[in-house]
Amino acid sequence: MESFVHLRKGRTPRRLHADLDGLKDDELGRGGFTGRTANIYRRHDPTAYRALGPLRPVDVLSGELKPGDSIDAHGGPLLMFSNDDCRILLSRRAEPMPYFVRHVDGDLLCFVHRGAGLLQTEFGPLRYREGDWVYLPKACTWRQVPDPATKEATTLLMVEATDEFRVPPPGALGRHFPFDPSQATIPEPAPIEDDERDEYEVRLVHVGGPTTLYYQHNPLDVEGWRGDNFAFTFNVDDYNVITSDSVHLPPTVHLFMQATGVYVMNFLPRAAESVRGTERTPWYHRNVDYDEIAFFHGGSLYGIPMPPGLITHAPQGVHHGAPEKARERARRKFDEHSRVDWQVIAIDTRRRLTPSPEVLAHDLGQH
């Protein structure tokens, strides 16, 4: 049971996540950083282990993975991780879809890592660019047309949830923080005329599928729409990052959207903690109720470039966090850096995620 009184035993620093004096800060928490918590102060780096078995961290470079749509216009995205609440996929499409698609098991939330182009949807056309989140409601029909002028395939991190994605409930800061929903781009209806083809293929993506529907007319023939269930884009440049001078804030303050068992967060450039002695790197933790996926979009951490496209999977109950060498460097360079320049997309899931065979075959920790 949660209590206002928090016990303190043995040798502990006075401030939370600060003034460690050689100790290793390890958090054992429930409810994804919002429930009961024990901060444990160790002598040694708790991530200094060798793992054997399925419940181990996975690191993979997305550039090494080969989604079907990266080599064939008729192909689809690659499944990377899955559980009963969601599927996490990777797409790298360079050519326009010769078909239409409809995800019928749940909502689809896509992050644009690289590239630009057009999404033709039932609600109207949506332009996309790097840093965009694209939301497509369950069973919405759409088609992707990458921009040939960019001469670069569109890389999408795709999260399909079995429940509705929704904006998290407002906290103490109000409904416009950490982002203002009115800055989303919402499409205007624009029905597309039929062309010369005999029929139009719509692929239904679902468990046990796919199923294919063939229409005699273009399925994007919508003249108008109204309501509160629609496609949109939102760019991370418009996300308001919440900061603190005296403590490294938990990931929950960066929450963007959520569905049952699935939480999506943006870790973006911000002012670094400025009170001397404050730990600027995320503390060691096990996050015992959630698996964690991190997708490195770009940037650097205190002068160290972050590998774009790196994907990490930290299973619940297993220690993870920056190695002690990186923590020591952040302390040593405290006066040299006043900002955190990272761009990381995080996905936390209540149920354990199963990595796909393709991901395990490219796991950097196993080679």
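This is a predicted model: local features need pLDDT of at least 70, side-chain atom pairs count only at pLDDT 80 or more; totals for chains, interfaces and linings use all residues.
Next I looked up the cores. I88 is among the residues with the most contacts inside the largest nonpolar core, together with M80 and F165. I noted 55 residues for that core. Apart from it lies another core, of 15 residues, and I listed A272, A294, A330 and V340 among them. In soluble globular proteins, nonpolar side chains tend to be buried together.

I then turned to helix α1, which runs over residues 324-332. Which of its residues are buried? I found E324, R327 and A330. Seen down the axis of α1, these buried residues fall within an arc of 120°, so they line one face of the helix. On the face turned away from that buried side I found the exposed residues K325 and R332. I also checked what covers the buried residues of α1, and the cover includes β1 (24-29) and β19 (284-285).

Last, I looked at the whole protein. I counted two helices and 24 strands. Buried residues make up 49% of the 367 residues. Of the contacts with a separation of 6 or more, 74% join residues 24 or more positions apart.

For overall size, I noted that the C-alpha atoms fill a box of roughly 75 × 45 × 45 Å along the principal axes.

Key: Residues are numbered from 1 along each chain as its sequence is written. Side-chain values use heavy atoms; hydrogens and water are left out. A nonpolar core is a set of buried Ala, Val, Leu, Ile, Met, Phe, Trp, Tyr and Cys residues joined through side-chain atoms within 4.5 Å. Buried means under 20% relative accessible area, exposed over 50%, partly exposed in between (1.4 Å probe, protein chains only). Helices (H or I, at least four residues) and strands (E, at least two) are DSSP runs, numbered from the N terminus. The arc is that of the directions from the helix axis to the C-beta atoms. Contact means heavy atoms within 4.5 Å.
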